[in-house]
Amino acid sequence: MLKLPELPDCFYQNQPSLICPSSPAPKHSLYLSNLDDQKFLRFSIKYLYLFKKSISLDILKHSLSKVLVHYYPLAGRLRASTEVDQKLEIDCNGEGAVFAEAFMDITAEEFLELSKKPNKSWRKLMYKVEAQSFLDIPPLVIQVTNLRCGGMIVCTAINHCVCDGIGTSQFLHAWAQITAKPNLDLAIAPLHTRHVLRPRNPSEITFTHPEYVRNTLRENGHLDTDINHYLQSQPLVPSSLNFTTSHIIHLKRQCVPSLKCTAFEALASHTWRSWVRALDLSPSLNVKLLFSVNVRKRLIPEIPQGYYGNGFVLGCAQTSAKDLVASNMCHGVKLVQQAKSSLTDDYVRSMIDLLEDKSVKTDLSMSLVISQWSKLGLEDVDFGEGKPLHMGPLSSDIYCLFLPVIGDSEAVRVQVSMPESVHEKFEYYMKECLGKEANGDANIGYII
């Protein structure tokens with residue numbers, strides 16, 4: 001495999017600055033729900049945007065200070081709760097978001113040539129905050145890198161404990177709107193209180209919640225198999241495959257007429273099955289697909305519009321590796337649909353109660369995790385000089401992302417890192433059922 005060329009180094013003329021709310025914002029401790037402060041979410045969501053034309057750094061910093069009046073928790077700091085062991089809260093102290101300015105000797109066109117797959121040198125585009133722990137990193141870190149051609153790259157790192165993908169999109173659109181049209185009111189006002197997702201007292205855990213149950217299957221007397229640990233220990237290669245509208249229709253037709261399904265259900269099932277096939281897992285292993293589901297409208301009463309916390313849970317489909325691989329795609333689709341339909345108000349409330357036990361962890365041992373970024377409007381962020389030429393994550397991981405495709409609102413880019421030894425096999429299985437036309441839609445993998 002070929003090795004991607006690295007990006008040149010960033011040149012920082014100034015030290016990063018702290019951008020505080022432009023007018024006084026509330027100062028208090030903000031409760032985080034049990035969905036917010038799961039250990040599984042203790043990281044930052046990192047986005048990379050490429051724009052053809054740059055915006056004045058002074059204008060961006062000014063508009064950021066204005067939007068932080070509304071999104072003031074992003075200007076605060078995470079800390080351990082003084083009342084509940086192992087629980088986090090936000091100290092809304094107005095300390096400010098980190099804003100770094102840089103220059104890179106590259107053009108937008110040159111970056112686009114490199115953007116088909118992430119590589120490790122992209123990390124140069126995000127200022128690294130020196131911190132001893134996750135809690136010491138500000139909830140919002142931004143780097144704006146001006147390019148030789150007059151374009152810019154905007155990278156943001158937003159703490160996942162503060163909000164989910166819907167929340168990050170809501171914030172980025174608000175920042176862009178204030179930059180481009182400062183006199184307009186925000187389209188959606190954020191609602192920061194999290195009490196609608198408080199656990200019940202006493203707790204009522206009325207479901208088994210397999211998304212938090214660790215696999216106990218033993219083979220040949222050995223310890224529990226942990227594919228997650230294996231994947232983390234391997235040299236990984238990113239796969240990035242575009243599925244056009246026609247590809248997705250082709251997948252959905254494999255379930256018609258016996259079963260109707262959405263594009264997500266078909267593509268998630270297909271990706272899960274390809275992942276299990278590529279890893280060549282023992283047929284008897286119980287494998288899981290964990291995927292994010294927005295539950296804002298599933299709860300009773302519904303979570304109010306603008307709710308600025310994590311309003312998603314993980315749906316869990318599970319079956320044996322043998323049944324998933326040997327059956328047609330309808331089998332996996334049905335499992336995904338059943339997992340989605342189980343996420344009732346009672347189920348989600350039971351899950352929130354379960355998470356009061358801080359020893360409970362997301363079961364990643366035999367699971368593929370899929371997060372959907374393709375329907376959040378992330379690719380439509382416009383600071384006033386046009387929508388992005390590229391939008392995606394700063395890096396690739398073993399967790400699978402369904403990403404938007406610039407210029408095609410119905411297409412999906414599937415990105416996940418696989419062990420180098422099975423990377424080509426995974427891409428083969430992903431394209432196998434799509435026929436010859438799929439061969440041109442996947443990019444060849446690179447070692448990173």
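Mentor: Pro301 sits in the loop between β11 (286-294) and β12 (312-320), where strands are DSSP runs of E with at least two residues, helices are runs of H or I with at least four, and both are numbered from the N terminus. Please keep in mind that this is a predicted model, with local features needing pLDDT of at least 70, side-chain atom pairs counting only at pLDDT 80 or more, and totals for chains, interfaces and linings using all residues. Residues are numbered from 1 along each chain as its sequence is written, and side-chain values use heavy atoms, leaving out hydrogens and water.

Pro202 belongs to the loop between α3 (165-180) and α4 (227-233).

His209 is not a glycine, yet its phi is positive, at about 55°. With a relative accessibility of 1%, His209 is buried (under 20% relative accessible area, with exposed meaning over 50% and partly exposed in between, for a 1.4 Å probe and protein chains only).

Now turn to the loop between β5 (77-80) and β6 (88-92), which holds Gln86. Gln86 also has a positive phi without being a glycine, here about 65°. Whereas His209 is buried, Gln86 is partly exposed, at a relative accessible area of 40%.
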